[in-house]
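This report describes how one protein chain is folded and how its parts pack together. Look at the structure below before reading on.

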Amino acid sequence: MPLDHAALPFALVRAGLLPSARYLEAVGLVRDDAFWGRWARNALLAVAVGQLLAGIAFFFAFNWAELPPFAKLGLIQGGIVACAAGAWIGRRHRVAWEALLTAAAALVGVLLAVFGQIYQTGADAYTLFVGWGLLILPWVVLARALPLWVLWLTVAGVGGFTYAVQVAIPLDRIDAEATIVLLAAFYAAALLARELGARLGLAWLQPLWLRRLLVFVILALTFFLAGPV
């Protein structure tokens, strides 16, 4: 099995072929600067998008009383259109495409939440997540954007869980343990889909962080099931 260049200095130190005092120097020599440059740019972009979305949410929370209903809904819809248009314009740049589409899909959830606050329908919380998941599902299927898929998996999981808590469990259609099992099975199916897609050569499913994230979620649910519910 070939040794990863990043692990080479550590292996040399363990073998006694490299003094530990020169470990950091050796790491600097074999470091892939281009890779870490791309990683840093992508990480900063993800943080920036998250901060902007958080800023939008706090803006509405702080100015809720002063904004008329038309302004509340119009601003969010304008943000969705702007993000979707920006994603289309920058579709040749994968990172911009994924970030802007994910931001647009997140704003769909904000729009539904604001609509529910303006027009008090008395609907349960699960309707927000179920409706949100259904509305962005076509984007998830067509866009082939990994962060967007992760967002949808989160929304769908929360929607199913809140439906069980608010409707199915009180009506004795299912119990809490079965709910967690079904949720873990849902994410296991997503993991299987990721593995099959990666084996078929779908480039957007190749990153390993999605596998690790899904495995972590599945294990967390299983460990929770093993304890008292």
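Two residues are in contact when heavy atoms of theirs lie within 4.5 Å. By that rule, and not counting residues up to four places away in sequence, Trp149 touches Val140, Ala190, Ala193, Arg194, Trp204, Leu205 and Leu210. The model discussed here is predicted.

**Overall make-up**

The protein has nine helices and zero strands. Along the sequence, the pattern therefore reads α-α-α-α-α-α-α-α-α. Of its 229 residues, 29% count as buried. Among contacts between residues at least 6 apart in sequence, 62% join residues at least 24 apart.

**The nonpolar core**

The largest nonpolar core has 45 residues, and Leu148 and Trp149 are those with the most contacts inside it.

The most is given by helix 5, with eleven residues.

**Helix 4 against helix 5**

How are helix 4 and helix 5 placed relative to each other? Their axes are 8 Å apart, and the two helices pack at an angle of about 165°. Angles over 145 degrees count as roughly antiparallel, so helix 4 and helix 5 are roughly antiparallel to each other. Their crossing is left-handed. On the side of helix 4, the residues making the contact include Leu73, Ile76, Ile80 and Trp88. On the side of helix 5, they include Trp97, Leu101, Leu107 and Phe115. The residues of this contact divide into 20 nonpolar, three polar and one charged.

**Two single residues**

Is Thr102 buried or exposed? Thr102 is located in helix 5. Its relative accessibility is 16%. Buried means under 20%, so Thr102 counts as buried. Leaving aside neighbours within four places in sequence, Thr102 is in contact with Pro147, Leu148 and Leu151.

Arg212 is located in helix 9. The cut-off for exposed is over 50%; because Arg212 has 57% relative accessibility, it counts as exposed. The C-alpha atoms of Arg212 and Leu191 are separated by 9.3 Å, while the two residues are 21 residues apart along the chain.

Methods:
Residues numbered from 1 in each chain as written. Predicted model: local features only at pLDDT ≥ 70, side-chain atom pairs only at ≥ 80, totals over all residues. Heavy atoms only, no water. Core = buried A, V, L, I, M, F, W, Y, C linked by side-chain atoms within 4.5 Å. Buried < 20%, exposed > 50% of the residue type's maximum accessible area, 1.4 Å probe, protein only. Helix = DSSP H or I, 4+ residues; strand = E, 2+ residues; numbered from the N terminus. Axes fitted to C-alpha atoms, helices over the stretch in contact; angles between N-to-C directions. Parallel < 35°, antiparallel > 145°, perpendicular 65-115°, else oblique. Left-handed = near helix turned anticlockwise from the far one by under 90°. Nonpolar A, V, L, I, M, F, W, Y, C, P; charged D, E, K, R; others polar.
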